[in-house]
Amino acid sequence: MALFGALFLALLAGAHAEFPGCKIRVTSKALELVKQEGLRFLEQELETITIPDLRGKEGHFYYNISEVKVTELQLTSSELDFQPQQELKLQITNASLGLRFRRQLLYWFLKVYDFLSTFITSGMRFLLNQQICPVLYHAGTVLLNSLLDTVPVRSSVDELVGIDYSLMKDPVASTSNLDMDFRGAFFPLTERNWSLPNRAVEPQLQEEERMVYVAFSEFFFDSAMESYFRAGALQLSLVGDKVPHDLDMLLRATYFGSIVLLSPAVIDSPLKLELRVLAPPRCTIKPSGTTISVTASVTIALVPPDQPEVQLSSMTMDARLSAKMALRGKALRTQLDLRRFRIYSNHSALESLALIPLQAPLKTMLQIGVMPMLNERTWRGVQIPLPEGINFVREVVMNHAGFLTIGADLHFAKGLREVIEKNRPADVRASTAPPPSTAAV
């Protein structure tokens with residue numbers, strides 16, 4: 001019984017486990033680029049270190065070594081690899097430094113060159129250990145962490161919705177890649193604690209040819225559309241001159257009889273065309289492409305000044321949009337296109353037949369007047385969780401059943417030093433660097 005109870009609890013936990021809406025895989029191909037930029041940053045850090053003067057007395061030997069400057073740093077052999085259980089490992093061997101310094105020596109005996117050389121070398125090695133180890137520690141644990149702090153975790157997309165990129169579990173490293181699972185969920189800014197249940201399939205990442213792969217499930221896009229729906233953004237009202245002239249004339253001719261019967265006195269009043277999405281749109285991702293299904297109400301009315309509006313008709317619109325995804329910089333952008341469109345009456349089949357002449361002009365109105373506004377918003381994109389200064393290039397989009405993946409290479413649009421200097425406080429070095437003795441040990 002205990003075994004069956006444990007099995008039941010495990011199945012229950014699995015049933016409530018939430019899949020990620022977004023996954024990111026960093027492959028070993030990205031490590032060479034990251035290593036080059038990281039080592040360049042370390043070289044720049046080490047070249048700015050301040051080495052204290054070395055002075056004193058050893059028997060009859062007096063010395064004073066001052067104005068020590070690092071003139072050259074060569075990291076001739078380095079490896080950056082994924083390590084299971086450790087994520088990343090950087091190993092540097094056979095590094096060399098070039099130094100320039102002023103020396104003042106006073107000694108009383110001849111033939112002491114070897115002693116002086118050994119003494120100076122040992123002293124300089126001691127000074128460098130006291131300074132270089134803290135710099136490496138600080139660069140690895142503080143400065144690079146300030147770069148990671150630029151990764152958006154929970155941030156605003158625009159004035160209406162935000163996105164949650166919380167890590168759902170620790171990154172998983174293998175010898176060839178690093179996989180990260182993000183929640184990838186949108187939310188209305190007025191309902192920050194609202195969360196859409198994730199019932200979509202789990203996105204999968206199998207490829208390793210590009211530097212980075214990003215996978216998005218249908219849940220990622222569904223949560224975006226439901227967030228905008230809850231925020232009240234999926235509605236449009238056109239009144240008077242905002243209604244295209246040809247469509248205005250067609251609608252007045254179509255409903256002329258209704259106008260005469262209902263209220264002939266308002267026949268010349270401005271026309272109002274209102275579209276309101278009735279339920280959150282839904283995204284369907286298949287190998288053949290990505291589509292978005294929308295159901296909306298279409299209301300046609302006259303709005304006489306200082307009087308209640310006169311409703312002429314109310315109908316339902318079903319539309320299907322195709323969606324093409326692309327990565328630009330580090331933003332996921334979407335281009336929408338109206339593919340299928342149908343209107344029908346909520347009241348009778350006979351009225352639905354009467355609406356057939358309106359199909360083509362309403363579809364044209366949507367393509368010319370509504371779709372550009374939608375695309376202007378969707379093409380702004382939403383940022384992918386990457387540090388500042390790193391962009392995607394040469395992307396390729398692949399559709400699967402229930403999710404899509406985008407493979408891309410990385411490009412440093414800014415150097416690490418530029419990004420870190422921008423985001424770290426002025427006194428961070430003094431406040432976070434460890435004591436030299438501790439770091440040297």
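Arg 394 sits in strand β18, and it has a positive phi of about 55° although it is not a glycine. Most residues other than glycine have a negative phi. Asp 306 is another one to look at, with a positive phi of about 60°, and that's not a glycine either. You'll find Asp 306 in the loop between β14 (289-302) and β15, and at 82% relative accessibility it counts as exposed.

Quick housekeeping. This is a predicted model, so local features need pLDDT of at least 70 and side-chain atom pairs count only at pLDDT 80 or more, while totals for chains, interfaces and linings use all residues. Residues are numbered from 1 along each chain as its sequence is written, and side-chain values use heavy atoms, with hydrogens and water left out.

Now the overview. The protein has 11 helices and 19 strands; those are DSSP runs numbered from the N terminus, helices being H or I with at least four residues and strands E with at least two. Of its 441 residues, 41% count as buried. For contacts, meaning heavy atoms within 4.5 Å, take those with a separation of 6 or more: residues 24 or more positions apart account for 71% of them.

On to the sheet. It's an open one of six strands, in the order β7-β8-β1-β10-β19-β18, with antiparallel pairing; two strands pair if DSSP finds at least two bridges between them. The edges are β7 (172-173) and β18 (390-399), each pairing on one side only. Inside it, β1 (residues 22-27) and β8 (residues 177-182) pair over six bridges, antiparallel, and Cys 22 stands opposite Phe 182 in β8. Helix α2 (residues 29-46) lies across β1 and β19 (403-412), at about 30° to β19. Angles run from 0 to 180 degrees between N-to-C directions, with axes fitted to C-alpha atoms, for helices over the stretch in contact. Helix α4 (residues 218-230) packs on the sheet too, touching β10 (212-217) and β19, and its direction makes about 60° with that of β10.

What about the core? A nonpolar core here is a set of buried Ala, Val, Leu, Ile, Met, Phe, Trp, Tyr and Cys residues joined through side-chain atoms within 4.5 Å. The largest has 72 residues, and Phe 216 and Leu 332 have the most contacts inside it. Strand β15 (residues 310-328) gives the most to this core, with nine residues. Among the residues that Phe 216 touches are Cys 22, Phe 221, Leu 332 and Phe 403. Cys 22 itself is buried, at 0% relative accessible area.

Last stop, β6 (residues 161-164). Both faces are covered: Val 161 and Ile 163 on one side, Gly 162 and Asp 164 on the other, all buried. Strand β5 (residues 154-156) forms a hairpin with β6, with four residues between them, and Arg 154 stands opposite Asp 164. Four bridges join β6 to β9 (residues 185-188), running antiparallel, and the partner of Gly 162 there is Phe 187.

That's my tour, thanks.

How values were computed:
Buried < 20%, exposed > 50% of the residue type's maximum accessible area, 1.4 Å probe, protein only. Lists of a residue's contacts leave out its neighbours within four places in sequence.
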